[in-house]
Amino acid sequence: MIRILIAEDQRMLASALTSLLNLEPDIRVLDCVSDGEAALARLQLGDIDVVLSDIEMPKMSGLELAARIKDAGNIACKVVIVTAFARAGFLRRALDAGVKAYLLKDAPSEKLADVIRTVHRGGRYIAPELLSDTWSEACPLSARERSVLALAGEGLSSEQIGAKLHLSTGTVRNYLSEAIGKMDAANRIEAHRLARERGWL
């Protein structure tokens, strides 16, 4: 039996996925949670084989969850991303975080069950519509520029970002200026929007 944890903040979708997967003779959904932090806590019980995770969730995204699982070293489950985001940037970050499969939400339900079995056997799966441009455009932003730009997109001032990341205000402005230049944007808001659209944040 393949034991599943679903991490999805849309309750109706989580319920539908649970019902569909529990119809499969060799798959059982053991639990559903609505954010990445709750998923990480649930995984400590050690009884989950595969996590199905959305990307955008409260508290901790699916990509952050995957990275935490990879870094933990003591969590044996595999991660399958199920998302609406058909963006190469998100896929690239998912693969870097150790995700074993990247599936789009509009895929047929039988495809999901097949992907779960493939991943459980040690295989991988990437939505075919993403394969052609997976490596077409690498993210030009450094990790620090990404974190500063993400906070700027939440409406934080340079001073607030500096306090959160333990940086001086001048250093924050420098990172923002670099990010804006690399994105060829007019300002921090446009740079944030462009980076989000490309899956880099």
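The model is predicted, so local features need pLDDT of at least 70 and side-chain atom pairs count only at pLDDT 80 or more, while totals for chains, interfaces and linings use all residues. Residues are numbered from 1 along each chain as its sequence is written, and side-chain values use heavy atoms, with hydrogens and water left out.

A pocket is an open set of points on a 1 Å grid over the protein atoms alone where a 1.4 Å probe fits, with protein on both sides within 12 Å along at least five of seven lines, and lining residues have an atom within 4 Å of a point.

| Pocket | Volume |
|---|---|
| Largest pocket | About 810 Å³ |
| Second largest pocket | About 150 Å³ |

Of the 29 residues that line the largest pocket, S61, E64, R93, A150 and L201 lie nearest its centre. Its lining has 13 nonpolar, five polar and 11 charged residues, whereas that of the second largest pocket has 10 nonpolar, one polar and one charged residues. The residues lining the second largest pocket include L13, A16, L17 and L20, and α1 gives the most to this lining, with four residues.

Strand β1 (residues 2-7) is largely enclosed by the rest of the structure, because five of its six residues are buried, that is, under 20% relative accessible area. Six bridges join β1 in parallel to β2 (residues 27-33), where D31 is the bridge partner of L5. With β3 (residues 50-53), β1 pairs in the parallel sense over four bridges, and A7 stands opposite S53.

Definitions and conventions:
Grid points are joined across faces, edges and corners, and a volume is the space filled by probe spheres set on the points. Ala, Val, Leu, Ile, Met, Phe, Trp, Tyr, Cys and Pro count as nonpolar, Asp, Glu, Lys and Arg as charged, and the others, Gly among them, as polar. Helices (H or I, at least four residues) and strands (E, at least two) are DSSP runs, numbered from the N terminus. Buried means under 20% relative accessible area, exposed over 50%, partly exposed in between (1.4 Å probe, protein chains only). Two strands pair if DSSP finds at least two bridges between them.
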